[in-house]
Amino acid sequence: MPTVIHRNDIAQYIGHQAAPTQWHQINQQQINQFADCTLDHQFIHVDEEKAKATPFGSTIAHGFLSLSMLSHFAEEFSVIIDGFYMGLNAGFDKVRFLQPVTVNSRIRAHAKTLSIEEKKPGQFRLSTEVTIEIEGVDTPALVAEWISVQMVK
């Protein structure tokens with residue numbers, strides 16, 4: 001569930017660390033569907049037999065699949081300004097893929113609000129550091145600085 005905040009309380013939420021999200025298992029069907037959407041059918045993602053012979057021992061999720069899961073996880077970790085009526089994805093300042101996500105791994109997100117700035121009246125730019133954790137693995141799958149815009153009445 002997102003954290004809803006009042007405009008007057010924005011400063012209190014800079015540095016806010018959200019609770020970790022629920023776990024999500026990345027299965028082969030999801031990897032295959034992502035491959036179909038992106039036309040990226042590299043064997044390491046979709047050929048289970050060939051992938052067994054790689055150092056990973058199985059297929060792995062596309063890095064961009066792991067990154068795209070931020071949209072799903074944001075439903076839990078987002079800080080939402082009261083009066084919010086629309087959000088926009090403004091991109092990323094930084095993205096680093098650190099560890100592949102092997103098939104059937106469970107991942108979850110950790111998020112920290114880095115900044116919230118009102119750029120125009122009713123338009124707030126948020127910067128959020130998001131780390132995708134892989135269950136049982138010390139190195140995260142990725143770390144990203146995600147920029148979003150919230151339209152607020």
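This is a predicted model: local features need pLDDT of at least 70, side-chain atom pairs count only at pLDDT 80 or more; totals for chains, interfaces and linings use all residues.
In total, three aromatic pairs are counted, taking ring centres within 6.5 Å as the criterion. One of them joins Phe77 and Trp146, whose ring centres are 6.5 Å apart. Because the planes of these two rings meet at 75°, and an angle over 60 degrees is the cut-off, the pair is classed as edge-to-face. Phe77 and Trp146 are both buried.

Trp146 also pairs with Phe92, and here the arrangement is stacked, with 6.0 Å from centre to centre and 15° between the planes. Phe92 is part of strand 4 (residues 84-97) and Trp146 part of strand 7, so this pair ties together parts of the chain that are 54 residues apart in sequence. The surroundings of the two residues can be read from their accessibility. Phe92 has a relative accessibility of 32% and therefore counts as partly exposed, whereas Trp146 has a relative accessible area of 12% and is buried, the limit being under 20%. Taken together, ring pairs link Phe77, Phe92 and Trp146 into a cluster.

Lys50 is placed over the face of Phe43, 5.8 Å from the centre of the ring. Likewise, Lys153 has its charged end over the ring of Tyr85, at 5.4 Å from the ring centre.

Terms used:
Residues are numbered from 1 along each chain as its sequence is written. Side-chain values use heavy atoms; hydrogens and water are left out. Rings of Phe, Tyr and Trp (its six-membered ring) pair if their centres lie within 6.5 Å; planes under 30 degrees apart count as stacked, over 60 as edge-to-face and the rest as tilted. Buried means under 20% relative accessible area, exposed over 50%, partly exposed in between (1.4 Å probe, protein chains only). Helices (H or I, at least four residues) and strands (E, at least two) are DSSP runs, numbered from the N terminus. A charge sits over a ring if NZ of Lys or CZ of Arg is within 6 Å of the ring centre and within 35 degrees of the ring normal.
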